[in-house]
Amino acid sequence: MNKQLEQRHRVVQVITKFLTPMILLFAFYVQFHGDFGPGGGFQAGVIFASVFILHGLIFGEGRTRLVVTPNILRISMSLGLLLYAGTGVVSLLLGGNFLDYSVLASDAVSGQHWGIFVVELGVGITVAAVMISLFYCFSSNRFLDRIPFKIQEEE
Amino acid sequence: MFEDIAAIEHFVVMILLTVLIVLTLGIIYLKDLLAAVILSGLYSLVSAAIFVAMDAVDVAFTEAAVGAGISTIILLGALSFTKREQKPQKHNNLPALIIVCMTGALLIYGTLDMPSYGDGKSPANSNPQLAQHYLQKSPDETGVPNVVTSVLASYRGYDTLGETAVVFTAAIGVLSLLGLRRRRRQEDPNLTPRQRRRQQSEDT
């Protein structure tokens, strides 16, 4: 049974594997090009998380947990927020106000640039980790039974 | 020429808003929860289209990714904890209808005070110090051409820090209710012994 189902969804699986690097690349583009076009940490985090959710839907959540373990999620969720708040603390220590990025580099403009870069990265990491862990929380095996692309089946 | 384009834009937004109302009625009247979830995803997609028509591309991006993508998946997951059909309602819900109508009327009454869309005399546009400062000085002060990003991350950095903390707190709430542990493990025959050991170590 398992084998048959896997055969039947082979096309979806191959397409998913083909699309995965492209979606990841798009997530990084949205993350780091947010200064110049639409996008930023929130959107990039969601797009980044959607790759792992897609993987979980097609290949079963058990295998996604091998790639991104709950421990990684727990750590990176807090790490993103710490990165954001830490930027504020660093700018305090360098003699500016909290979250005043102008003091982060030799001149104000590049300081702002670095500050926005780091802060958006923090937002992206937190949002991606939160989204993936929400998916883990809500996807029990019963959930996988309902969606059409499941490959795991009771033996 | 520009008035024509504005008129067409208004027309498109009006049509999309009508679609939104139809979708909302569909979500209310459907007893099939799966269909309601799919319609709510569609609702987010149409709102994203409205935001694009109103030139708020960043908001549209977020709405399409979060509303139409992730939250539909998570609602589908939440659906697996319950039944697919809505229970038939037996009690009388006239008081609830009255309260909802009153709240809706109050909200519409509140919007009467708001400036109309694209109003040049709105407080944000008629007090040029702040808005004009963002629009004109942002590239020089922050080196970031996208004003949305510079306002979000730099000028209004405190707000975004708070938003990130809210997302983090919401995740902590869900994790403490549902947990990240897997509830029931099925054997996956294609895993290598090493991967299986990792799955088992995660259980304990």
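I began with chain B, which, read along its sequence, follows the pattern α-α-α-α-α-α-α-α-α, where helices (H or I, at least four residues) and strands (E, at least two) are DSSP runs numbered from the N terminus. I noted that this is a predicted model, in which local features need pLDDT of at least 70 and side-chain atom pairs count only at pLDDT 80 or more, while totals for chains, interfaces and linings use all residues. Residues are numbered from 1 along each chain as its sequence is written, and chains are lettered from A and ligands numbered from 1 in the order in which they are written.

I counted nine helices and zero strands in chain B. Its radius of gyration is 23 Å, well over the 17 Å that the globule rule gives for 204 residues, so chain B is more spread out than a compact globule; the radius is taken over C-alpha atoms, and the rule is 2.2 Å times the number of residues to the power 0.38. I also looked up burial, and buried residues make up 15% of the 204 residues in chain B (buried: 20 or more other C-beta atoms, placed from the backbone, within 10 Å of the residue's own).

I then turned to chain A, for which I found seven helices and zero strands, and of its 155 residues 45% count as buried.

Next I looked at where the chains meet, and 46 residues of chain B are in contact with 55 residues of chain A, two residues being in contact if their C-beta atoms, placed from the backbone, lie within 7 Å. Among the helices of chain B that each supply at least two residues of the side touching chain A are α3 (57-79) and α8 (157-178). I sorted that side of chain B into 23 nonpolar, 16 polar and seven charged residues, with Ala, Val, Leu, Ile, Met, Phe, Trp, Tyr, Cys and Pro as nonpolar, Asp, Glu, Lys and Arg as charged, and the others, Gly among them, as polar.

Last, I followed one helix pair: the axes of α3 (residues 41-59) of chain A and α3(B) come within 10 Å and cross at roughly 30°, the axes being lines fitted to C-alpha atoms over the stretch in contact, with angles from 0 to 180 degrees between N-to-C directions. That makes α3(A) roughly parallel to α3(B), a term for angles under 35 degrees. The residues of this contact divide into 10 nonpolar, four polar and no charged; including A:Phe42 and A:Ile53 in α3(A), they meet a set in α3(B) that includes B:Phe61 and B:Ile73.

Definitions and conventions
Parallel < 35°, antiparallel > 145°, perpendicular 65-115°, else oblique. Buried ≥ 20, exposed ≤ 12 C-beta atoms within 10 Å, placed from the backbone.
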